[in-house]
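Here's a quick look at how one protein model is put together, from the overall make-up down to a few packing details. Have the viewer open as you read.

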Amino acid sequence: MSGARPRPSGAAETAGLDPRTARRRFVAVSFLFWLPLGLYIAPHVLLLTERGLALSAVAVCFAAHSTTVAVLELPTGGFSDAMGRRVVLAAAGLLNLAALVLQGLGTTLWVLVLANVLMGSGRALSSGPAEAWYVDTVHAHSGPDAEIRTGIARGHTAAAVALAVGTLLGGLLPWLLGLGADPGSWLRDHTSGLVLPLSVPMLVGAAVAAGFVAYVLTALPEPPRPRATLGAALRGVPATVAAGVRLGARDAVLRRVLLTAGAVATGLVTIELLAPGRVADTTGAAESGAVVFAGLAAAGFAVNGLGSHLAPATVRFAGGRPERAVLVALGAAAAGLVLLGATAATGHPLAPVAAATGYLLVYVGLGAAGPNENELMHHRVDTTARATALSLQSLSLQFVGGAAGFVAGGLPTGPLPWLFGAVVVAGGALLWAGRTPAGPPAAAGPVPSSGAVTPAGAGPTADGVEGAGVVEGAEAAEGAGSAAGGAPAGDPRP
């Protein structure tokens, strides 16, 4: 991989895509991808039970989704690095489109399980390519030192806003269909019960997903990269997975990112597990609690987006040091969890206000931390490993979040589960107390046959700049400590 490499056709178009245009398109892609998923959050469980599924069957659907994501997360990240961002993003959109149609129209368990498998596959495919496309495009145009933090922050903001808007619309549409002449009854009668009011948000989401696919195929020119065939990419999956594991194990900064992802997952699962019941206890009824929590969840997504938008400002506040900005932001999130814990066992009239403040503080803190973490991560990998690194981050969220849920759910009710989440998030914050390694990273070793990772110094990468490669970590020991991602920071996602 040394020496100059001829630029494939379309390179001129990509090189001419300036950072401002790339940023706008990244923001649009982030919004369009997450809006359909936001639409299905509120009616999802209610629709499944309306179809006659018991809660145990609903749990089977959830398990099918989470297992699919966990199994495919890392291989699909490497697949994106090998095959290109655009084709993988389009495939993710098509899978989500099919899943949403099946979710909205499916009436049997096997169809609904298939829908969750398809959605999990789309989720795994999507965790990285959009952000990797943006970083690759900016680097191809302006070089590896180009400023990317603002674009990443705005992409995360757009994703969080899409989730907030989608959650509100997904809750309102079925309710609106029950007003007036009750068009919901008309839907049932004219579709033999196939389309219910609760199905409508899913079908609207499927239409948005179709628009997402069309936008990806027309608006995201692929930065130049070595050509790869589908068969070669599939054969390279084992090497890609192994390279991804080495990628996370050998670099100090990436270890911090992955450990922090686990800490963030713990904070998020604590909120997701405990907050709905706490809200219902406050309102006095499950029905009213569900309505209030839907609004609170949408507010959480919105302030998460605000936090992402403020990520560059937190770096300025922290003296220009992104690692200190992550420390401050995660510290704020931990403080929010402490506030939630402190108000869990009191009947003071102001306790709900204080708890809501803590809830929003958690999400704004996670939102501000995510883009700064990801900027540090992108400086440690090149285009051939970028989506793999993002998939590792998402994988840490999935696995640690699941384990943390068992721990938090097994603790006595009251302040203790909240404080457990606070301690783990604070531990993630402390990982960033020291300086990040400076200078180019060292080579990690042999390059896998899939081409998932390029050692530093091996020559120009596919985007025409010197590769960052996989690195040996700094000598300092790393403590144990997750957007979101090519997603919302903190990954407050379905």
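Let's say two residues are in contact when they have heavy atoms within 4.5 Å of each other. With that cut-off, and leaving aside neighbours within four places in sequence, W432 touches V253, R256, V257, T260, E323, R324, V326, L327, L330, E373 and L376. Keep in mind that this is a predicted model.

**Overall make-up**

The protein has 18 helices and 0 strands. Of its 494 residues, 55% are buried. The accessible surface is about 18,700 Å², and carbon and sulfur atoms account for 69% of that.

As a rule, nonpolar side chains in soluble globular proteins tend to be buried together. Here, the largest nonpolar core has 43 residues. The largest share is from α12, with 11 residues.

There's also a second, separate core, made of 42 residues, with F26, L35, L125 and I152 among them.

| Helix pair | Packing angle | Axis separation |
|---|---|---|
| α2 (residues 19–50) and α6 (residues 129–142) | about 175° | 9 Å |
| α15 and α18 | about 170° | 8 Å |

Angles over 145 degrees count as roughly antiparallel, and α2 and α6 are therefore roughly antiparallel to each other. On the α2 side, P19, A22, R23, R25, F26 and V29 make the contact, and they meet A130, E131, W133, Y134, T137, V138, H141 and S142 of α6. By class, this contact of α2 with α6 has 8 nonpolar, 3 polar and 3 charged residues. F26, by the way, is also one of the residues in the second core.

The angle between α15 and α18 is about 170°, which means that α15 is roughly antiparallel to α18. From α15 come L327, L330, G331, A333, A334, L337, V338, L340 and G341, while α18 brings P415, W418, L419, G421, A422, V425, A426, G428, A429 and L430. How many residues of each class are in the contact of α15 with α18? There are 15 nonpolar, 4 polar and no charged ones.

Key
Residues numbered from 1 in each chain as written. Predicted model: local features only at pLDDT ≥ 70, side-chain atom pairs only at ≥ 80, totals over all residues. Heavy atoms only, no water. Helix = DSSP H or I, 4+ residues; strand = E, 2+ residues; numbered from the N terminus. Buried < 20%, exposed > 50% of the residue type's maximum accessible area, 1.4 Å probe, protein only. Areas by Shrake-Rupley, 256 points an atom, 1.4 Å probe, with all protein chains shown as cover. Axes fitted to C-alpha atoms, helices over the stretch in contact; angles between N-to-C directions. Parallel < 35°, antiparallel > 145°, perpendicular 65-115°, else oblique. Nonpolar A, V, L, I, M, F, W, Y, C, P; charged D, E, K, R; others polar. Core = buried A, V, L, I, M, F, W, Y, C linked by side-chain atoms within 4.5 Å.
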